[in-house]
Amino acid sequence: MNQLQWKMNSPLGDLYLVASEKGLQSLYWKKTAGIPLASSLTGKDGAIKILKQTETELAEYFKGQRQDFDVPLDVTGTDFQESVWKQLKKIPYGKTVSYTDIARRIKKEKAVRAVGTANGKNPICIIVPCHRVIAASGSLGGYSGGLERKEALLRLESTYF
């Protein structure tokens, strides 16, 4: 499988996008080891097209022009992780929910801690909006990209502050 990585400069720092010809596989704040960086986003390779679409949609998101993403995803996880990520995608732009809310939505009310772990293993930040999940107390909770970025993303979506 052909995988390529692209470094995108965003208002919150560098983002590293990894795609296959099927879809976006990861979006992290750090480079993914072992996957080559694309030299440009020109060409007809399927992964290049996915990377280009992702960069365009993210640029629109950061400008406040996009609330939902259309780029196809190519991610795999455990059944539990995938059920959590599916719920994360349902959190509307500009809204937040708690880890407890996600646990209830997947009908695993006692699995709040496991929901937090699955949330932390989300391979596609921003597009699968794990930053919209906060602690039941109303505090920010955690975020793989750091709490400053989580706060900035929520501020961008005008939900938290």
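Domain bounds here come from an automatic or database domain assignment. On that basis the protein is divided into domain 1 (4-63) and domain 2 (79-157), and the C-alpha centres of domain 1 and domain 2 lie 22 Å apart. This is a predicted model, in which local features need pLDDT of at least 70 and side-chain atom pairs count only at pLDDT 80 or more, while totals for chains, interfaces and linings use all residues. Residues are numbered from 1 along each chain as its sequence is written, and side-chain values use heavy atoms, with hydrogens and water left out.

Where contact means heavy atoms within 4.5 Å, 13 residues of domain 1 are in contact with 15 residues of domain 2. The table gives further values for this interface.

| Item between domain 1 and domain 2 | Value |
|---|---|
| Buried area | about 1,200 Å² |
| Share of the buried area from carbon and sulfur atoms | 69% |
| Salt bridges | zero |
| Residue pairs in polar contact (both at pLDDT 80 or more) | five |

Buried area is the accessible area (1.4 Å probe) that two parts lose on being put together, summed over both. A salt bridge is a side-chain nitrogen of Lys or Arg within 4 Å of a carboxyl oxygen of Asp or Glu. A polar contact is a pair of N or O atoms within 3.5 Å; within protein, one must be able to donate a hydrogen and the other to accept it, and residues adjacent in sequence count only if both atoms are side-chain atoms.
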